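Have a look at the sequence and the fold, then read on.

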Amino acid sequence: MWWSYQDVAEAKERIQREIARRVKRGERFEPLAVPAGKKSLCGTFWGQAWCRHLETYQQYESRLPRGRSYLRQGNVYNLEITPGNLAAVVAGSELYDTRVRIEPLKAPDWQHIVRKCEGQVSSMLDLLAGRLGDGVMRVLSDPEHGLFPQAREIRFDCSCPDFADMCKHVSAVLYGAGVLLDAKPELLFTLRGVDGSDLLAQAKEAAVTGMAQTGDELAGADLGAIFGIDLAELPVEPETAPAKLREKPSKPPSKRRKRAS
Ligand SMILES: [Zn+2]
């Protein structure tokens, strides 16, 4: 079907009237804002890495560019990222309900990532800002073994007549997820059904173990020498403070590692 400029303008007006009608009825319609005038859709490590990853889906190569321009035109509304799901309303020649289902990251794959990042993620803020060392960021954004889904882990569904192959609405939603990750990178963990703080726990455990070791070393050291007193010559009374010095410092309870769900 060939669309004239006038057809497109009329369709847009019709859609806008439909949205206004639904908003009046109490429905939510929040357009996903895409930075205008910039060549790149996304400006952060996570958003850009997500979009780069999409472009490795060779089977959808021809479908992706149309989705990108659809998104730029402000046609994606109410985009939500929930565990295993992207959902939005996309304005085409009608309003379409578009959903992308993404399999959760398998527990052994997540454990593998957590092990590879062990002790290297000291701050969730730095992780989300993409400011950690190259090694960690490479592990997390590895095209095959990182956090991003493989094409085979994606199923999509759109109420348009063209959804059997990836339609431009699905593609717009996939790119839209990159834009959302720019603002809320933590949603990548939500989407893949894993707890990002597992990465942090590893660093905390390492720190706690380090502290405990220091405590053990102190307990085993010659306390008399350290404090410049002769412990053997102090009066021995069970409840006195010097006797307590001999006690091994108790270890802080180690944090239980959360299981990836
Ligand atoms: Zn569609």
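## Starting in helix 1

Let's begin with Arg22, which sits in helix 1 (residues 5–24). Helices here are DSSP runs of H or I with at least four residues, strands are runs of E with at least two, and both are numbered from the N terminus. This is a predicted model, where local features need pLDDT of at least 70 and side-chain atom pairs count only at pLDDT 80 or more, while totals for chains, interfaces and linings use all residues. Residues are numbered from 1 along each chain as its sequence is written, and side-chain values use heavy atoms, with hydrogens and water left out.

Is Arg22 buried or exposed? With a relative accessible area of 18%, Arg22 is buried; the cut-offs are under 20% for buried, over 50% for exposed and partly exposed in between, using a 1.4 Å probe and protein chains only. Setting aside residues up to four places away in sequence, Arg22 touches Glu27, Phe29 and Leu95, where contact means heavy atoms within 4.5 Å.

## The chain as a whole

Zooming out, the chain's secondary structure comes to eleven helices and four strands. Of the 261 residues in the chain, 41% are buried. Take the contacts between residues at least 6 apart in sequence: 71% of them join residues at least 24 apart.

Ser141 is in the loop between helix 6 (134–140) and strand 4, and its C-alpha atom is 6.9 Å from that of Ala49, 92 residues away along the chain. Beyond its neighbours within four places in sequence, Ser141 is in contact with Phe45 and Phe148.

## Helix 3 and its buried face

Which residues of helix 3 (residues 64–72) are buried? They are Leu64, Gly67, Tyr70 and Leu71. Looking down the axis of helix 3, these buried residues fall within an arc of 120°, so they line one face of the helix; the arc is that of the directions from the helix axis to the C-beta atoms. As background, an α-helix has 3.6 residues a turn, so residues three or four places apart point the same way.

The buried residues of helix 3 pack against helix 2 (45–54), strand 1 (76–82), strand 2 and helix 7 (168–183). After helix 3 comes Gly74, with a positive phi near 80°.

The strands form an open sheet of four, in the order 1-2-3-4, with antiparallel pairing. Strand 1 and strand 4 stand at the edges with a single partner strand each, so one side of each has no neighbour in the sheet. From one strand to the next the twist averages 10°, with axes as lines fitted to C-alpha atoms (for helices over the stretch in contact) and angles running from 0 to 180 degrees between N-to-C directions. Two strands count as paired if DSSP finds at least two bridges between them.

Strand 1 and strand 2 run antiparallel and are joined by five bridges, with Val76 partnered by Val90 in strand 2. Asn78 lies in strand 1 and has a positive phi near 55°, though it is not a glycine. Asn78 counts as buried, at 13% relative accessibility.

Next, strand 2 (residues 85–91) meets strand 3 (residues 95–102) in an antiparallel pair with seven bridges, and a hairpin of three residues connects them. Ala88 stands opposite Thr98 in strand 3, and Thr98 in turn stands opposite Cys158 in strand 4. Strand 3 and strand 4 (residues 154–158) are antiparallel too, over five bridges, and Val100 has Phe156 as its bridge partner in strand 4.

## The zinc site

Which residues hold the zinc ion's protein donors? They are Cys158 (SG), Cys160 (SG), Cys167 (SG) and His169 (ND1), at 2.1 to 2.3 Å from the ion. Donors are N, O and S atoms within 2.8 Å of the metal (3.2 Å for Na, K and Ca), and water is not among the atoms, so sites may look incomplete. In sequence the donor residues are spaced C-x1-C-x6-C-x1-H, and both Cys158 and Cys160 are buried.

For reference, the ideal angle for four tetrahedral donors is 109.5 degrees.
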